[in-house]
Structure formats: structure tokens, C-alpha cells
Amino acid sequence: MEQAAPLIDPFARPVTYLRVSVTDRCDFRCTYCMTEHMEFLPKKEILTLEELDRMCSAFIRLGVRKLRITGGEPLVRRNIMMFFRAMSRHLESGALQELTLTTNGSQLHRFADELFAAGVRRVNVSLDTLNEEKFARVTRWGRLPQVLRGIEAAQAAGLRVKINAVALRGFNEDELFTLTEWCAERDMDLTWIEVMPMGEMDGTDRVGQYWPLTELRAQLGQRYTLTDLAERTGGPARYVRLEETGQKIGFITPLSHNFCESCNRVRLTCTGELYMCLGQEDRADLRAPLRAHPEDDGPLIEAIRAAISRKPKGHDFDYSRQRPDGQVSRHMSHTGG
Ligand code: SAM
Ligand code: SF4
């Protein structure tokens, strides 16, 4: 594939990481992410698998090296393995360095082997609690044993699993050590995420849910020796190693700290809108140039470049005034976490 000039934003940050939401649908209804009765988009709005392929391939031609597939729940999209298989050609050519996904794990037992065969080597699985009753409560429709089976299948297939947990005050505070130990026993890293003010939730109190990771980290430090790691992924995550277990613990702290200065990513929704920042409303419609020119990627590439030239410096999320300032109206499942 012919390489074009790379994508550089107005703050001289190269954009090399694309997160793609392949569906807004999900088989769970996590309380911090969705309302119970979400309305989903009509099918004609959603990019087809072929359109997703064209879109991602254009970004790869523009220097994207890492592709993360997310949603909604990516593994509930029909025939999604076709898309993963198609993307593996970019891994084989060396244009793409990593193809990965974030999943709730419910379908991993079905797809782990195929994902590995398509070149996926790491997956992030979201898991906020190891208690069956609490799991059913927070996901509304999810069942813990199915997810645990998925995680086992992923590891058996050779995939490296990282667990993502949303830190929720009064919900999983008491599982800080159990989750850490459970992950350590299975050789899995664990990343904690601060709850972000995205989308209206029925009656959910965002500020009340917010468990700052500075506090979580201090608690972890009472039991373990934490060594800061220099590793950066260009996102808002910072990592430490627990010397006692050897595992890596990540902290995604968009609220208590923001690390926008090194941001290297943009997000594509399942309708082909490009969000240049997770925490801002500005977006670019890439579906229009894609559909208007089925044989010519030129207008699409132009639209991508124009969008990147508007990438903002950072987000405005802020809870410090005891209200969720900087809130954005869309749900996380729309842009993809
Ligand atoms: N369904 C997949 C999953 O749950 O992993 C992928 C999409 S989900 C939107 C991606 C990540 O966003 C998950 O780890 C989820 O816990 C997180 N998430 C959803 N809503 C959030 C919010 N309001 N604040 C912080 N993280 C959130
Ligand atoms: Fe679905 Fe993931 Fe949102 Fe939970 S966090 S409702 S699993 S998209």
C-alpha cells in the first residue's frame, strides 16, 4: 500500500492510533455506560464491514499503526470476524503494528481462536467486579461465569488479557485487593478507569460514583511496593509495577490528571464520524465523502486531514466544583471507550 504523508495535528502530535467503534449495540447495559432502554441506530446509518475496511485502510495509509476495535460490544456485530481477518493483511504487510480490541468478554469463548488467527495478540476485557450478584447489577444483563469462561478461552488461545475496571465509589472499592490478586494469579495486568461524565444516565449520580484514582493508588501503596513505569501509550494511562506480584497496574485518570499533551489518538464511530477528542463535541463526518466516492479515496483522505487539523489540545472534564463539568452528551458506547 502506498504511504502518504503522516497525520500531524496542530500541536505537533502525530496521530498513529485509531479506535474504531464497529457497533453501538451491546448485550450488556452497564449502568455507567447505557440506560436500560437505549435506542440504537438504524442499520443504514452504520458503516458496512466493507466501508469500515476502506475507512481503516485509509487511516493506515496515513500512518496509523495501532487499531483498536471497540463499541458498543464489538463481538456482537454480525460477521465481525470477516473484518478482523481483512485487517490482518495490514499486519502481514507491516503497515499496521497492532490490531486489538476492547470487549466485555461475553463472546470471547466463541471468537478467541479466530481472533488469534487474525493476528490479534492482546485484548482488553472490561470487568468491574468478581462478585456474581454485583456483576449482574452493574451490567444489568451480563452474567459473570460467561465472561470468566471467555477470559479463560482467550488465554488458552494465546491472547494476552488485560483487565479494565471502572473505579466506582461504594461499588468495587472493597475489591481493590481481590481483583489485583485474581489478576496476578492469572498473569494479567489491570487498569483502573475513572468514571467519565458521558451521556445522561437514569438517576445516576456521576460525582457520587467518582472514586479518584489518586486515592485508589494510595490504598494500593499500603500493601504493595509501587514502582512508576516510564511506559506511555499516548493515552491518559500511567502505569506502575507491583514489585510483589510483578504485574502492571494502569491508571486512566482523565479527571484527577489529564495527559492530553501526548495524545496520539482519534476515534471513529460506527456511523463514520471522527471524534478528534473523547471529551469534546467536535467531530467530522467521514461517511459522506466515503459514500459519495465509492471508487476514489481522495476526498476521504482530504476530509481526514481537515479533521486532524482541528484536533483540540485537550478535554474539559472536571468534577472539582462538585458537578460533572465538561460533560459530553453522547454515551461512551457511541464513541467507543
Ligand atoms: N463493550 C466493550 C467493553 O465494555 O469493554 C467495549 C466498549 S466500552 C464503551 C469501553 C470501556 O469504556 C469499558 O472498559 C467501559 O467500562 C468503559 N466505560 C463505559 N462508560 C464509561 C464511563 N462513563 N466512564 C468511564 N469508563 C466508561
Ligand atoms: Fe456494553 Fe461495554 Fe457499555 Fe458495558 S461498557 S454497556 S459492555 S458497551
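Visitor: Quick one on Glu185: buried or exposed?
Guide: Exposed. Glu185 has a relative accessible area of 64% in this predicted model.

Visitor: Which side chain does Glu185 meet in a salt bridge?
Guide: Arg186, at 3.4 Å from N to O. Arg186 counts as partly exposed, because its relative accessibility is 32%.

Visitor: And helix 6, where does that lie?
Guide: Helix 6 covers residues 176-185. It lies across strand 5, strand 6, strand 8 and strand 9. Its direction is about 145° to strand 6.

Visitor: How do strand 5 and strand 6 pair?
Guide: In the parallel sense, over six bridges.

Visitor: What packs on strand 4 and strand 5?
Guide: Helix 5, residues 144-156, touches both. It makes about 150° with the direction of strand 5.

Visitor: Zoom out. What's the strand order in the sheet?
Guide: 7-8-9-6-5-4-3-2-1-10-11-12, an open sheet of 12 strands with mixed pairing. Strand 7 (226-228) and strand 12 (283-285) are the edges. Neighbouring strands are turned by 25° on average, direction ignored.

Visitor: Back to charges. How many salt bridges?
Guide: The count is 22. Arg54, Arg61 and Asp297 form a linked network of them.

Visitor: What does Lys134 pair with?
Guide: Asp174, with the closest N and O atoms 3.2 Å apart. Lys134 is in helix 4 and Asp174 in the loop between strand 5 and helix 6, so the pair ties together parts 40 residues apart in sequence.

Visitor: Lys134: buried or exposed?
Guide: Buried, at 10% relative accessible area. Asp174 is exposed, at 60%.

Methods:
Residues are numbered from 1 along each chain as its sequence is written. Chains are lettered from A and ligands numbered from 1 in the order in which they are written. This is a predicted model: local features need pLDDT of at least 70, side-chain atom pairs count only at pLDDT 80 or more; totals for chains, interfaces and linings use all residues. Side-chain values use heavy atoms; hydrogens and water are left out. Two strands pair if DSSP finds at least two bridges between them. Helices (H or I, at least four residues) and strands (E, at least two) are DSSP runs, numbered from the N terminus. Axes are lines fitted to C-alpha atoms, for helices over the stretch in contact, and angles run from 0 to 180 degrees between N-to-C directions. Contact means heavy atoms within 4.5 Å. A salt bridge is a side-chain nitrogen of Lys or Arg within 4 Å of a carboxyl oxygen of Asp or Glu. Buried means under 20% relative accessible area, exposed over 50%, partly exposed in between (1.4 Å probe, protein chains only).
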